[in-house]
Amino acid sequence: MVELEAYIKLLAGLLPVVDPIGAIPLFISLTEHRSSAERQRIAWVCAMSVGVALLIAHIGGSFWLKIFGIGIPSFQIAGGIVVLFMGISMVKASHDRSRNTPEERVESVDKESIAVVPMAIPLLSGPGAMSTVIVNHNLNPSWNYDVLAAGVIATVALAVLLCLLMAEKIEDWLGTTGMNVITRVFGLIILSIAVEFITKGLAAVFPILGQPA
C-alpha cells in the first residue's frame, strides 16, 4: 500500500512535467508530410528515448552534482525555479522556451529524424523532467525507491507512446480548447511541485526557516 501511494505520487509529479498531451501539436506539425509507418517509428523511438533519458538522469544525476560540487538543496531550489516557470507557462497555455525554441522547431522540420531531438530531448524529457527525477532520487535514496521510479518512468514513456500514436485522434477529440484545459491543470500541479521543491531546498539551506514560529 505504501509502495502504491509512492508510485502514484511520483507518477502524478512526473507525468504533468513531461506533458505528452502538450507535445501532440508539435508532433503532428513535424510529421505532417510523413507516412503512417514513419510516424509510428518516430513515436516508438521518441518514447524509448524519453524513458532512457529520464532513467539516466535518475541514476546518474547525483554523480554529476558531486562532480560539479553542487549540493542537493541548491539543486532543489534551482530545479524548483525551472519547474516553476514551466508551470506558469502551462497555466497561461503558452509555449515554454526551456523545452525548445521557435528556431529549433523550424530547423526540425528539415531533419530526417525528429524522434530524439527535439521531441524526446528537450521537449518531453527536458530540464524540468530531469530536475524532477534527480530531486526525487536524492530525497529518497534507496533501492526500493529506484525500482519504483523505474516503473514510473516506464509508465510515463508508455503514456508518451500512446499519446503520439493516437495524436491525431486525441487532437480531434479534445480540440485546441480541451488540450489547453489539460495543459492548465497540469500547470497547476507543476506549480505545486515547484513550490515544494523550493521550500524544501530553502529549509535545508536556511534551517531556521523550517523551525516553527
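Contact here means heavy atoms within 4.5 Å. This report applies that term, and several others, to a predicted model, in which local features need pLDDT of at least 70, side-chain atom pairs count only at pLDDT 80 or more, and totals for chains, interfaces and linings use all residues. Residues are numbered from 1 along each chain as its sequence is written, and side-chain values use heavy atoms, with hydrogens and water left out.

**Overall architecture**

The chain holds nine helices and zero strands, where helices (H or I, at least four residues) and strands (E, at least two) are DSSP runs numbered from the N terminus. Read from the N terminus, the order of elements is α-α-α-α-α-α-α-α-α. Of the contacts with a separation of 6 or more, 85% join residues 24 or more positions apart. The accessible surface is about 11200 Å², and carbon and sulfur atoms contribute 69% of that area; such areas come from the Shrake-Rupley method with a 1.4 Å probe, and for residues only the protein chains shown count as cover. Of the 213 residues, 44% count as buried. Buried means under 20% relative accessible area, exposed over 50%, and partly exposed in between (1.4 Å probe, protein chains only).

**The nonpolar core**

In soluble globular proteins, nonpolar side chains tend to be buried together. A nonpolar core is a set of buried Ala, Val, Leu, Ile, Met, Phe, Trp, Tyr and Cys residues joined through side-chain atoms within 4.5 Å. The largest such core has 52 residues, and those touching the most other members are L14, V18, I24, C46, L54, M119 and V160. Two or more core residues come from each of α1 (2-18), α2 (24-30), α3 (36-67), α4 (72-91), α6 (115-124), α7 (127-139), α8 (143-165) and α9 (167-205). The greatest contribution is that of α8, with ten residues. Beyond its neighbours within four places in sequence, L14 is in contact with L54, A129, T132, V133, V152, I153 and V156.

**Helix α4**

Buried positions in α4 include F75, Q76, I77 and G79. Q76 touches V135, L139, F197, I198, K200 and G201, leaving out residues up to four places away in sequence. F85 also lies in helix α4. F85 and A194 are separated by 109 residues in sequence, yet their C-alpha atoms are 8.8 Å apart. Just after α4, A93 takes a positive phi of about 55°.

**Cysteines and charged pairs**

A search of the whole structure finds zero disulfides, a disulfide being a pair of cysteine sulfur atoms within 2.5 Å. There is one salt bridge, defined as a side-chain nitrogen of Lys or Arg within 4 Å of a carboxyl oxygen of Asp or Glu. The salt bridge joins E196 to K200, with the closest N and O atoms 3.0 Å apart. Both residues lie in helix α9, four residues apart, about one turn of the helix.

The table lists relative accessible areas for selected residues.

| Residue | Relative accessible area | Class |
|---|---|---|
| C46 | 0% | buried |
| C163 | 10% | buried |
| Q76 | 4% | buried |
| E196 | 31% | partly exposed |
| K200 | 38% | partly exposed |
| F85 | 53% | exposed |
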